[in-house]
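Hi,

Here is the structure I promised to pass on.

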Amino acid sequence: MRPNEAQILRLAARRTWRFFEEFIGQEDNFLPPDNFQEDPNPVVAHRTSPTNIGLYLLSVAAARDFGWIGTCDFVERLERSFATLEKLERFRGHIFNWYDTRDLRPLEPKYISTVDSGNLAGALISLTHACREYSTGPFRNPAWRTGLKDTLEILRQHVKTAYGERNVRDQRYVQFASIADEVSDLLDADVLEFLGVEELGAELLARQRLERALQQVLGGRVGIGDPAGAVQIGRA
């Protein structure tokens, strides 16, 4: 696979992970809604299935692998979701195929799906191996640099699209591009070694400057809404 193809796939995956960042929260008891409809009006489908849950759990592990979240976020997300799973009504130990994510009631008609239950079982097996791998490795996510690079590149693309032909003339964009370049240089391993910055300090500095880049365009008439709605800077 060519480097640019790998980046295209990484950024597509990063945008996909944004769905879970945006829609999985306390309102849905930390379970994944089935879907989000944009047109004709924004609507969240507040229901979930074993397949959806299994996909989300594996996505949490993938997000950690790619460096989009850290070990603490990984553990917290799993703990919240598993705490909810313990509350679900079951039949002979099996969870039903559809639940309302807001009140956790099984949706009618109640039934058990061998396909969906099997999907969840397979996801849990894979998640178990991921947890064992993380428990024997470094606590800090070693992929934090590449994860931040993905976030930075998506931010660049959104802002560039928003400013269009005004890029080279608009002072706000020029300042943003300068900060973005600074963050990109900081994320380079050779630069970090040259600066003699420890891993934790380097990560905090990179995140601080990336937030500056966000702030640089938040108050302007960017035309894409809040750039923070397109990307998030997660904890490692």
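**Salt bridges**

Asp-100 is buried, with a relative accessibility of 7%. Its salt-bridge partner is Arg-102, and the closest N and O atoms of the two lie 3.5 Å apart. Arg-102 itself is partly exposed, at 47% relative accessible area. Please keep in mind throughout that this is a predicted model.

Another salt bridge brings together the side chains of Asp-181 and Arg-156, at 3.1 Å from N to O. Here too the pair links distant parts of the chain: Asp-181 belongs to helix H6 (residues 171-186) and Arg-156 to helix H5 (residues 144-163), with the two 25 residues apart. Asp-181 counts as partly exposed because its relative accessibility is 40%, between the 20% and 50% cut-offs. Arg-156 is partly exposed as well, with a value of 23%. There is also a network of salt bridges that links Arg-14, Arg-18, Glu-21 and Glu-22.

**Backbone geometry**

Most residues other than glycine have a negative phi, and most peptide bonds are trans.

Which peptide bonds are cis? One runs from Asp-39 to Pro-40, with omega near 0 degrees. Pro-40 is in the loop between strand E1 (35-37) and strand E2 (43-45). Another cis peptide bond joins Glu-108 and Pro-109, where omega is about -5 degrees. Pro-109 lies in the loop that runs between strand E6 (99-100) and H4.

Phe-30 has a phi of about 60 degrees and is placed in the loop between helix H1 (3-23) and E1. Is Phe-30 buried or partly exposed? At 23% relative accessibility, Phe-30 counts as partly exposed. For Leu-104, phi is about 65 degrees, and this residue is found in the loop between E6 and H4. Leu-104 counts as buried, since its relative accessibility of 13% is under the 20% cut-off.

**Around Ser-117**

Ser-117 is in helix H4, which covers residues 114-136. A polar atom of the Ser-117 side chain lies 2.9 Å from the backbone oxygen of Ser-113. Which residues does Ser-117 touch beyond its neighbours within four places in sequence? They are Pro-50, Ile-95 and Ile-112.

**Confidence**

The average pLDDT of the protein is 83, and 78% of the residues score at least 70. Over residues 220-236, however, the pLDDT is below 50; in the model this stretch has 49 contacts beyond near neighbours in sequence.

Happy to talk any of this over when you have had a look.

Best wishes

Definitions and conventions. Residues are numbered from 1 along each chain as its sequence is written. This is a predicted model: local features need pLDDT of at least 70, side-chain atom pairs count only at pLDDT 80 or more; totals for chains, interfaces and linings use all residues. Side-chain values use heavy atoms; hydrogens and water are left out. Helices (H or I, at least four residues) and strands (E, at least two) are DSSP runs, numbered from the N terminus. A polar contact is a pair of N or O atoms within 3.5 Å; within protein, one must be able to donate a hydrogen and the other to accept it, and residues adjacent in sequence count only if both atoms are side-chain atoms. Contact means heavy atoms within 4.5 Å. Buried means under 20% relative accessible area, exposed over 50%, partly exposed in between (1.4 Å probe, protein chains only). pLDDT is the predictor's confidence in each residue, from 0 to 100. A salt bridge is a side-chain nitrogen of Lys or Arg within 4 Å of a carboxyl oxygen of Asp or Glu.
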